[in-house]
Amino acid sequence: MQTKLTKITDYSQFLTILLLVSISCIPLFIAYNYPSFLNDDSYITLTFSKNIAMGKGFIFNHPPSILGTTSPLFSLIVAWLSIILPKIEIPIIAVFLTAFCWLGINWLFFFFKEEWELNNWQVCILSSIIVCTGWIGFLGMEAYFFAYLLVLTISLFLKKQFFLTGFFSGLLFLTRGEGILLLVVIISMLLFQAWTKRKAIDKFLLNKLFKIGLGISIPILIWSVYAYFTFGSFLTNTLGAKQAQVQSGSFRPFFQRLMSEWMPLWGSSFKLLSFPILNVWWVILFLGFIFVLLHKRNWLILVGWIFFYTLGYSILNVAGYWWYVLPILFVLNIFFGLGIIWILELINKYIKIKKLAFAFSFIMTLFLLFILSKPNYIYWKTYQGDPRGKSYTNLSQWFRENTNSQESIAFIEIGYLGYYTDNRIIDLAGLVLPEIVPHIANGDFSWGFWNYAPDYYIYLPDFDWALASIKENPRFDQEYQEVATLVGPRETNFTIFKRKIP
């Protein structure tokens, strides 16, 4: 009997590994065929990677050093990989790195399945959902790198590896600042557990907290010392810039967009035509939450995480960029998977004919995965990369051919310009120029232009909502002249102006 159970277990293990290997090919296939044009914001981080790899440090092409990327650790990792793989372009490295993180999350659930209270077939369902709901348009950004570290850190905590939990919490914070909120959840859970069991802080709790503190102190202290002497601060400049955008009145805040724009669209492919108010995706997700409350409470750490994440972004009142919602969607899709798992368990419990239960479970799971993956499949078939990519690349090429690297360029979207040129970039959004941020908060996007007096200014009518006053100022025609017109990203063209020589 024992031998038979062992064979069944080995067979289940083999099939699980086979499935994981198979679906791991999907992120790699997508990365291999990925369009040339990444999201413009990706290139802001990759510009820092480019300069770090060249030995120039955290600069945006020209000194001074500035922490103008949200993800310093991701910049460093990509830079390091580009040094050891010099023949591969940095954007390709970034895409494949994030694709490996995407597929790596599935393997984390497999290797830590006992800690997550999963068996092999449950790992298969969650892994399939993670692949089906992939963030194809955001490969090359730090989103999947962050999600991988998030799952790894929680897995180590559940395994009671407290020093490593602290260490990877520090790396999570250096990937994106909100990573520190996971540590808040972890410590809260430890305190709650101690209160429910002993109602006192004892030496065992202090030992755990000490190990976590020791672990996180290593990356945080190293980074803090470096950042203090390099930037004068260990916090990224992007946070202040995103807050200023909301204060200017030109950007909608994160929480407002979350509630009014994004959440109503989630699971839209699961809405019933006859009852559009009923969304099956939300129903199954809710069942997943109930399942966790009743049977798998280790997963509540993810609930705490998205609660603090949403609360933190809402309190900070930052501008709502679409990719800020990805961590929330990641957790909700996992709970959707847990909902499916519970439904399957109930089917197998109450349908006594096992072959019928298996057939029904298999067909239902495939059907739900099909509906879940269909929008992503259509998106992947039609995705051509950032629609601004071609025009921004051509714009950058014009500057490489017609200017020298010491001449400065002013524009409001700086990713492509930063990465594909070596010019000094005057960032009118303030991401890499903190002096501009207070003026943006007051609604003045033009202050940076007049203060820095760039050698070149790129005019695009699309940004008249922020920059129209620059051209309307009588000084502009006196000091600048038109030198080129290039095809723009949409229906309007770029007009390049050059500062007149006094």
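1. Helix α6 passes helix α8 in a right-handed crossing. A crossing is right-handed if the near helix is turned clockwise from the far one by less than a right angle, and left-handed if anticlockwise. Helices here are DSSP runs (H or I, at least four residues) and strands likewise (E, at least two), numbered from the N terminus.

2. On provenance: this is a predicted model, where local features need pLDDT of at least 70, side-chain atom pairs count only at pLDDT 80 or more, and totals for chains, interfaces and linings use all residues. Residues are numbered from 1 along each chain as its sequence is written, and side-chain values use heavy atoms, with hydrogens and water left out.

3. The axes of α6 (residues 143-158) and α8 come within 11 Å and cross at roughly 20°. Axes are lines fitted to C-alpha atoms, for helices over the stretch in contact, and angles run from 0 to 180 degrees between N-to-C directions. α6 is therefore roughly parallel to α8. Angles under 35 degrees count as roughly parallel, over 145 as roughly antiparallel, 65 to 115 as roughly perpendicular and the rest as oblique.

4. Which residues of α6 meet α8? They are L150, T153, I154 and F157, facing L182, I186, M189 and L190 in α8. Contact means heavy atoms within 4.5 Å. By class, the contact has 7 nonpolar, 1 polar and no charged residues. Ala, Val, Leu, Ile, Met, Phe, Trp, Tyr, Cys and Pro count as nonpolar, Asp, Glu, Lys and Arg as charged, and the others, Gly among them, as polar.

5. α8 (residues 180-197) also packs with α13 (residues 300-316), at about 130° and with axes 9 Å apart. The pair is therefore oblique. The contact uses L181, L182, V184, V185, I186 and M189 of α8, with I301, G304, W305, F308 and Y309 of α13. It divides into 10 nonpolar, 1 polar and no charged residues.

6. T421 sits in the loop between α17 (415-420) and β2 (424-427). T421 is buried, at 1% relative accessibility. Buried means under 20% relative accessible area, exposed over 50%, partly exposed in between (1.4 Å probe, protein chains only). Its side chain reaches the backbone oxygen of L417 at 2.6 Å.

7. P454 lies in the loop between α19 (447-452) and β3 (456-459). P454 is buried too, with a relative accessible area of 0%. The C-alpha atoms of P454 and I409 are separated by 5.7 Å, though 45 residues apart along the chain.

Notes
A polar contact is a pair of N or O atoms within 3.5 Å; within protein, one must be able to donate a hydrogen and the other to accept it, and residues adjacent in sequence count only if both atoms are side-chain atoms.
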